[in-house]
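Open the structure in a viewer and keep the selection panel at hand. The stops below say what to select and what is there.

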Amino acid sequence: MCLMKRNFILLLVSLTLTNCIKDIEDVYTVKSIDVATIESLISSKDLNDYPSVKDTTGFPLMAWRGIPDEYISIERFQEVKASGINLMFYPYKSIENMQIVLDYAEQMNIKVLISCPGLITQTEMIVNLFKDHPANAGYFLQDEPSASHIPTLKKLAETIESIDNTRFTYINLLPNFFSSKDYAAETYQEYIRQFVTEIPLKILSFDIYPIVSNFIRPNWYSNLETIKDEAEKADIPFWAFALTSAHWDYPVPTIEHLRMQVYSNLAYGAKGIQYFTFWIPVEKEEFTSAPIDRSGNKTNEYYLLQQMNKEIHRYAYIFQTSKVNKVSHYGDIPEGTTQFSNAPYFMRSIDIRGGNALLSEMENDDNSFFMIQNTNLNKEIGITIQPDEQTQIILKNGSIIPASLIKEEFKLTPGDMVMFMR
């Protein structure tokens, strides 16, 4: 999952040259807006008087590099469960450990990707061994392959599907800042398209970590645009990543960083969120932070991850069942994206003050949804709305309140969002 260091250094040079076009602050201090949050504005209300959004626990929240071999125990699985994770991946060293992991995971209602010796070289044996296990989520094939690997991966995926077609084969693809040589394809779009058309993928997974030092990658949202489009054309869901481990110039994540990544991914239609990493890679000195440290202790990032997952869980039914119809941006418009032009019919007017925003329009069989996210790393933004009488707001605790209760400007902190429902 770690990208090649050469490309990372080239990226930093690129960011230095292009930071003048980004909404980037020279300091880490958040610039405040002198208004209250929605939660503060309705703090005196008895929320028991209002309904809640439907509850679901099925939204995939995956820990990359979960519990290592030497720490496998039911207590560690309880720790994973308590963080809100329901899916886990780790490259286990033996078939025996893979079996123990699956058994513990079943007890905690956690799914696991199969990754152990023999899956690639003795595929039929491994798949037959684990295909009936209730905790088996699917089969991990490769991380960040080039298109030159497609013939081998296609054959491997087809072999697995012929034995177990009730699950999925997992391949995670590169981000969009590599070269055509790295992709073994002329363009990034062609690279993605080859994988989704030539291999029987049931999920399109890709990684990009948008926050570097105090920068937002200039190509992040264009990457999401490409993935969204290609997943829709292939009629498969896509999963995206959020970075939970500091290394190189990737900073120690804050709740604002997690929200920035997670809510933008969800705004574009991601049907699964993956965290890199859960346990710090003990063999890699460049990693300095993760939810679980080198001694096996929970860190502050663990509790931030737990908080983030609780927020996702409250909105999971919406993100799980809805189709994204339109994504647009306000303020500084990222390359390859669409400028916000008009609000949905149930919003008479919207005024955004202080910085950039992402706006996503979604719908399921029952409702239309409109999400506004603050996409500034270090700025709060103020929002003033005039909704119609039927518009509602879904709070982070799941309560559904009339939007008419908010009669004044409110603020969104960096990375945070508000969800309207009609």
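Now widen the selection to β4 (residues 136-143) and β5 (residues 168-173), two parallel strands joined by five bridges. Strands here are DSSP runs of E with at least two residues, helices are runs of H or I with at least four, and both are numbered from the N terminus. Two strands pair if DSSP finds at least two bridges between them.

The model is predicted, so local features need pLDDT of at least 70 and side-chain atom pairs count only at pLDDT 80 or more, while totals for chains, interfaces and linings use all residues. Residues are numbered from 1 along each chain as its sequence is written, and side-chain values use heavy atoms, with hydrogens and water left out.

Next, show the whole barrel. Eight strands close it in the order β1-β2-β3-β4-β5-β6-β9-β11, with parallel pairing. On average, neighbouring strands of this sheet are turned by 30° against each other, direction ignored; the axes are lines fitted to C-alpha atoms, and angles run from 0 to 180 degrees between N-to-C directions.

Turn to the aromatic rings. How many aromatic pairs does a search of the whole structure find? It finds 28. Rings of Phe, Tyr and Trp (its six-membered ring) pair if their centres lie within 6.5 Å; planes under 30 degrees apart are stacked, over 60 edge-to-face, and the rest tilted.

Select Y188 and Y191. Their ring centres are 6.0 Å apart and their planes lie at 35°, so this pair is tilted. The two residues sit three apart in helix α8 (residues 188-198), about one helical turn. Both Y188 and Y191 are buried (under 20% relative accessible area; exposed is over 50%, partly exposed in between; 1.4 Å probe, protein chains only).

Select Y209 and F276 next. With centres 5.7 Å apart and planes at 15°, the pair is stacked. Y209 lies in the loop between β6 (204-206) and β7 (211-212), and F276 lies in strand β11 (residues 273-276), 67 residues apart. Y209 is buried at a relative accessible area of 2%, and F276 is buried at 2%. Both belong to one aromatic cluster, whose members include W64, F89 and F140.

Finish at helix α11 (residues 300-321), which has 22 residues. Centre the view on Y315, where α11 has a kink of about 60°, the angle between axes fitted to the seven residues ending there and the seven starting there.

Definitions and conventions:
Expected span 1.5 Å × (residues − 1).
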